[in-house]
Amino acid sequence: MWSTIEKKVLAGERLTTEEGVHLLAEAPLLELGDLARQVRERRTDPKVVTYVIDTNPNYTNVCTVDCHFCAFYRKPNYVGPDVYTHDVEGVMAMMERADKVGATTVLLQGGLNPEIPWEFYPAIVREARRRYPHITPHFFSAPEIHQMVEVSGLGIEGVLRALYEAGQRTLPGGGAEILAKRVRKRISIKKGGPEAWLDVHRAAHRVGMRSTATMMYGHVETHAEIVEHFDYIRSLQDETRGFTAFVPWSYKRGNTPMESKVRHVAGASAYLRVLAASRIYLDNFDHVQASWFSEGKKTGQIALHFGADDFGGTLFEENVHLATGHVNKTTIAEIETLIRESGFTPAQRDTEYHILRTAEGPEALGRLGDEVPLFVESLRELPAEYPDALEGEEPRSADGAPLVMPR
């Protein structure tokens, strides 16, 4: 099977569902990565890795959907100091903070709050474009578009056309999880089947928007259901050519309702396999994004040799993963250093993958390396069986403050 796959891929032929499952279940990992690298080098500049300066704030954490994988949301009747819904000026304050740190993209999302009126959504797009025309409003996931349909009385395309007229040109891919009926019934039944997400992105492409396709794996899905997800987005890309990139990441289980149901955390090996398989199977996608944020900086670097051509965003603010106990931070200088260390030239891009600035390549490491402060990673929630303190470990930090272990 592997020999057949290699020959087909190098000849530019499309893989079947059965061959896609083989990539995930049985293909030799290093050979899989090398084949993905060759495919990547055919589609994009083999010497360049892109990234975007962005931030991911949220306008509300009130939500009615009750996804089993989410630690971020609060129910509408929840009372507490950590529940919030911002108005237009509150969102503009987020845009101002993004502007001050040099962001060119703001990926704004929120819970599905039925108390938010329809007028709020196009209003924040219009105001963002008016006040910060140099920042792309990369707003609203597919489930949020369905929420807007509910409160506006418009259809999906009507909502998207109104957002387009307000100035929005791109749509993030959140809310996809795994596009398989069984999985969505298990982890996010209120979001509907795969068609609920696909219908939004099809309509977005029809009105002139570009969007990303995402996937959250590592919970209850099978290899065949990951390939089913690939098949759905590959078919829609054939139809519309509207996707800019594919972005996979692993489920973070801390503080989520289904935490106890998922005993094994998907690690680096699973991530690299999914990433490489996606590059090979999604033969009509130009870009595949590596995630230093969700999978770790070192894994992100290795991913650049497993088919990824983009290092994602700076994510100066991120709250959804944070709610699970997953924390990871970076700077522009560190991202460029990580890319150079991997043997590539870093290039800053915009939301639609147009290159804005190409930095110095790996040759700059000798001169710039010592000047770049590196964040120490504190990512990935710990397994449930992990002890609060390891043998021989100091129970308190140097300043006497208790150590906090993410749960």
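E336 lies in helix α14, which spans residues 332-341. Helices are DSSP runs of H or I with at least four residues, numbered from the N terminus. This is a predicted model: local features need pLDDT of at least 70, side-chain atom pairs count only at pLDDT 80 or more, and totals for chains, interfaces and linings use all residues. Residues are numbered from 1 along each chain as its sequence is written, and side-chain values use heavy atoms, with hydrogens and water left out.

**Around E336**
- E336 is buried, at 9% relative accessible area (buried means under 20%, with a 1.4 Å probe and protein chains only).
- Leaving aside residues up to four places away in sequence, E336 touches Y51, P346, R357 and A359 (contact means heavy atoms within 4.5 Å).

**Aromatic pairs**
- The structure holds 12 aromatic pairs.
- W118 and Y121 have ring centres 6.5 Å apart and planes at 35 degrees, so this pair is tilted.
- F120 and Y121 have ring centres 5.4 Å apart and planes at 80 degrees, so this pair is edge-to-face.
- Rings of Phe, Tyr and Trp (its six-membered ring) pair if their centres lie within 6.5 Å; planes under 30 degrees apart count as stacked, over 60 as edge-to-face and the rest as tilted.
- Ring pairs join Y59, W118, F120, Y121, F139 and F140 in a cluster.
- W118 is buried at 13% relative accessibility, and Y121 is buried at 1%.
- F120 is buried too.

**Charges over rings**
- R169 lies over the face of Y164, 3.6 Å from the ring centre.
- The charged end of R349 sits over the ring of Y353, 3.8 Å from its centre.
- Such a charge has NZ of Lys or CZ of Arg within 6 Å of the ring centre and within 35 degrees of the ring normal.

Definitions and conventions: Buried means under 20% relative accessible area, exposed over 50%, partly exposed in between (1.4 Å probe, protein chains only). Helices (H or I, at least four residues) and strands (E, at least two) are DSSP runs, numbered from the N terminus.
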